[in-house]
Every structure is written in structure tokens, then in C-alpha cells.
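Subject: Structure handover

Hi,

Here is the structure I promised to pass on. Please open it next to this email and follow along.

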Amino acid sequence: MDLRTTVERAQRLKQLHAEHRPLVLPTVWDVWSARTAADAGFPALTVGSHPLADSRGAADQEGQTFEEVLAAVGPIIAAVDVPVSVDLEAGYGQQPADLVAGLIEVGGAGLNIEDTVHSEGGRVRSTQEHAAYVAGLRAAADEAGVPVWINGRTDLFLHAEDAAAVLDEAIERLRALERAGADSVYPVRIQDNDELLAAVTAAVSVPVNSTAHPVKHDLERFRRLGVGRITYGPLLQFAMTDAMKDMLGPWTP
């Protein structure tokens with residue numbers, strides 16, 4: 001994809017975040033799912049690492065190389081006329097500049113970056129380390145002249161036995177990501193907790209991303225809680241798996 005188109009898509013993605021509260025980005029995994037979501041009227045999409053890996057017979061948590069991910073998402077991005085953000089897990093061991101360069105090369109308008117480093121035994125980056133990585137991504141995107149939307153994710157709630165006990169630490173981390181240049185922040189695994197979601201959205205000034213289930217969750221609830229951005233993670237693919245099983249069930253021997 002040519003650089004001008006990528007820049008235009010990145011600019012459009014930024015505009016959409018300002019226009020929609022929340023902005024819903026269906027999480028897709030191949031050309032068919034991307035075209036289906038775009039044809040349904042969604043103005044932007046995101047590629048999720050878990051459903052992408054499942055669709056390719058690979059493992060999530062960096063079970064694919066960065067080069068394999070780029071080769072897979074390139075045709076998805078090229079198949080639609082809307083901005084596409086890409087979940088790049090913890091960065092696949094890449095330096096921020098190399099991660100951004102690869103994303104831009106295939107036309108990505110945004111990225112998601114998490115703090116669980118799967119290539120290093122699943123350790124969690126410190127607040128300062130994760131913020132420094134995001135700052136590197138921001139600097140690389142600025143240098144390239146592409147306003148890549150950076151969604152800074154933390155897995156602190158995911159790893160905690162008591163999510164409420166890490167709220168203060170998580171807020172500190174999300175604020176550090178915002179200062180480092182993240183355009184939105186993503187505290188995973190609190191989508192069903194109104195109190196925690198409301199506390200997080202009140203603590204930062206950038207949009208807060210929440211995971212949602214396309215059938216079990218309610219869009220208006222997320223809007224009331226101040227959520228600015230919604231993605232499905234693997235939950236859209238899971239919901240479609242359930243629906244497919246229900247349809248095929250009567251035909252099984």
C-alpha cells in the first residue's frame with residue numbers, strides 16, 4: 001500500500017475516535033471477516049492476535065513471527081477501504097522503530113501493544129519499561145510521518161487474583177502510557193466490572209478501550225461508563241464458532 005493512503009487511513013482513524021464515543025472496531029482475522037465487517041457499515045477494524053493465530057493454526061501469545069503476522073495482515077488491510085489497526089502483542093522482540101516500519105509497510109493505521117512479554121517467559125514489563133516502549137513507537141511513527149494510532153494495553157488486571165487490588169497500579173501505568181504518547185489505553189479483563197471501568201475512564205484523558213462480546217454485552221452500558229473504544233478480542237470469533245456449531249448440529253451423523 002502506498003504511503004499516502006496509509007497516512008490518510010491513519011488520519012481517518014484518529015478522526016473516528018473523536019467522532020464516536022465509543023468507537024467500535026470489530027476484531028477480524030482474515031479477508032472474509034474484514035470485508036463482512038466493513039460491508040456491515042463499520043468505519044474501521046482491528047486485527048486480533050488470538051483470532052488471527054487461530055485462523056492460521058498457530059498459537060496466540062507470539063506463536064507467530066513478526067514477519068508471518070505482517071504477511072497475514074497485509075491482504076486483510078488491502079481488501080478493505082477502511083483503516084485497520086493491528087494487534088502486535090508485545091512487539092515480537094522487535095525494536096519500536098522496526099515494529100512501526102513493518103506496520104506502515106503493509107498499510108496499518110494503528111497498533112495494539114501489550115506489556116506481557118511472551119517471548120521472555122510471559123514476564124510483565126514494568127511501568128517505566130512499557131511506557132518507554134510506547135514512547136519509542138510514538139517517536140518512530142512521527143519520524144515516518146504517519147500518525148499511527150497507538151493503543152497501549154496493560155495486563156495487570158488479567159494477572160491479578162484480585163483486580164481491585166491492582167487498580168491504583170494500573171491507573172499509574174495507563175497514565176504513564178498516555179504521557180508516553182499512547183492515543184488510547186486498554187486495561188484488559190475488566191469489561192464486566194462497572195466500578196473498575198468507571199474508575200479507569202475517569203483517571204485518564206485518552207479513550208479507554210474495553211473488550212466486548214458482540215451478543216452478551218450492551219453498547220449503551222459501555223457508553224455510560226465512559227468507554228471510548230471497543231474491540232472484541234477473540235470474542236467475535238468465539239460467538240461465531242458457537243453459532244456455526246448450532247447451525248451444523250442438526251446435520252451431524
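How many residues line the largest pocket, and which lie nearest its centre? The lining has 31 residues. Asp60, Arg153, Tyr186, Val188 and Pro234 lie nearest the centre. Keep in mind that this is a predicted model.

The largest pocket first. Its volume is about 640 Å³. Several elements supply at least two lining residues each: the strands β3 (45–47), β8 (149–154), β10 (209–211) and β11 (229–231), and the helices α3 (49–55) and α7 (156–159). Helix α3 gives the most, with three residues. By type, the lining holds 16 polar, eight charged and seven nonpolar residues.

Next, the second largest pocket. It holds about 150 Å³ of space. Its lining counts 14 residues, and Gly93, Gln94, Glu120, Arg125 and Tyr133 are the closest to its centre.

Six strands make up an open sheet with parallel pairing. Trace them in this order: β2-β3-β4-β5-β8-β9. Which strands sit at the edges? They are β2 (27–28) and β9 (184–187), and each pairs on one side only. Strand β2 pairs with β3 in the parallel sense, over two bridges. To find this spot, look for Thr27, which stands opposite Thr46 in β3.

One link to take away: β3 and β8 belong to the sheet, and each also supplies at least two residues to the lining of the largest pocket.

Best wishes

Terms used. Residues numbered from 1 in each chain as written. Predicted model: local features only at pLDDT ≥ 70, side-chain atom pairs only at ≥ 80, totals over all residues. Heavy atoms only, no water. 1 Å grid on protein atoms, 1.4 Å probe; cavity = no way out; pocket = protein on both sides within 12 Å on 5 of 7 lines; lining within 4 Å. Points joined across faces, edges and corners; volume = space filled by probe spheres on them. Helix = DSSP H or I, 4+ residues; strand = E, 2+ residues; numbered from the N terminus. Nonpolar A, V, L, I, M, F, W, Y, C, P; charged D, E, K, R; others polar. Pairing = 2+ DSSP bridges.
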